[in-house]
Amino acid sequence: MSRSADEKAALVVRTAGLTAALGAFVMISTAVFTITDTMGIHNVIVGAITAFVASVQAYRTDEQGSFSIAFPVVLAVLGIWIAIAPRLLFDVQRELVLGINGVSGVLIVILSLAGVYGTVQTSNATATSA
């Protein structure tokens, strides 16, 4: 890969890493902020899935040089779900839970869209340098 492609791949790896950290935050928010009942279980499961998918994306991009747009798209969908699930599915009224999920979900979507951009740019840079 050229230097330009390496820099663009670094964008993908960094956004995936931050997304994994946000997924872990959503997961542990259940214990830290005492989110109970099905909403707590939801946050643990969806947070773990988000952290896992983002970690796999970072690994595949950094170690294997494999660029897939599927990972950031899945993460964007998970981010949207994290943001809307408290109101849509669980009818949560607690402002703290709405804030945690809303902000985390929006940040995951933004980072995932940056990951899509980086993946497309890296794929283009790799194709033109080959």
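## A partly exposed ring and its partner

At a relative accessibility of 31%, Phe25 counts as partly exposed, a class that lies between buried (under 20% relative accessible area) and exposed (over 50%), as judged with a 1.4 Å probe and protein chains only. Phe33 is likewise partly exposed, with a relative accessible area of 27%.

Rings of Phe, Tyr and Trp (its six-membered ring) are paired if their centres lie within 6.5 Å, and a pair is called stacked when the planes are under 30 degrees apart, edge-to-face when they are over 60, and tilted for the rest. By this rule there is one aromatic pair. The rings of Phe25 and Phe33 have centres 6.3 Å apart and planes at 70°, so this pair is edge-to-face.

## Basis of the model

This is a predicted model, in which local features need pLDDT of at least 70 and side-chain atom pairs count only at pLDDT 80 or more, while totals for chains, interfaces and linings use all residues. Residues are numbered from 1 along each chain as its sequence is written, and side-chain values use heavy atoms, with hydrogens and water left out.

## Overall fold

The protein chain has four helices and zero strands, where helices (H or I, at least four residues) and strands (E, at least two) are DSSP runs numbered from the N terminus. Along its principal axes, the C-alpha trace of the protein chain spans about 55 × 20 × 15 Å.

Of the 130 residues in the protein chain, 40% count as buried. Taking contact to mean heavy atoms within 4.5 Å, 73% of the contacts in the protein chain between residues at least 6 apart in sequence join residues at least 24 apart.

## The nonpolar cores

A nonpolar core is a set of buried Ala, Val, Leu, Ile, Met, Phe, Trp, Tyr and Cys residues joined through side-chain atoms within 4.5 Å. The largest one has twelve residues, including Ala20, Leu22, Val26, Val46, Phe71, Ile82 and Leu111. Two or more residues of this core come from each of helix H1 (3-32), helix H2 (37-62), helix H3 (70-88) and helix H4 (95-129), and H3 gives the most, with four residues.

Val26, one of the members of this core, is in contact with Asn43, Gly47, Ile82 and Ser104 when its neighbours within four places in sequence are left aside.
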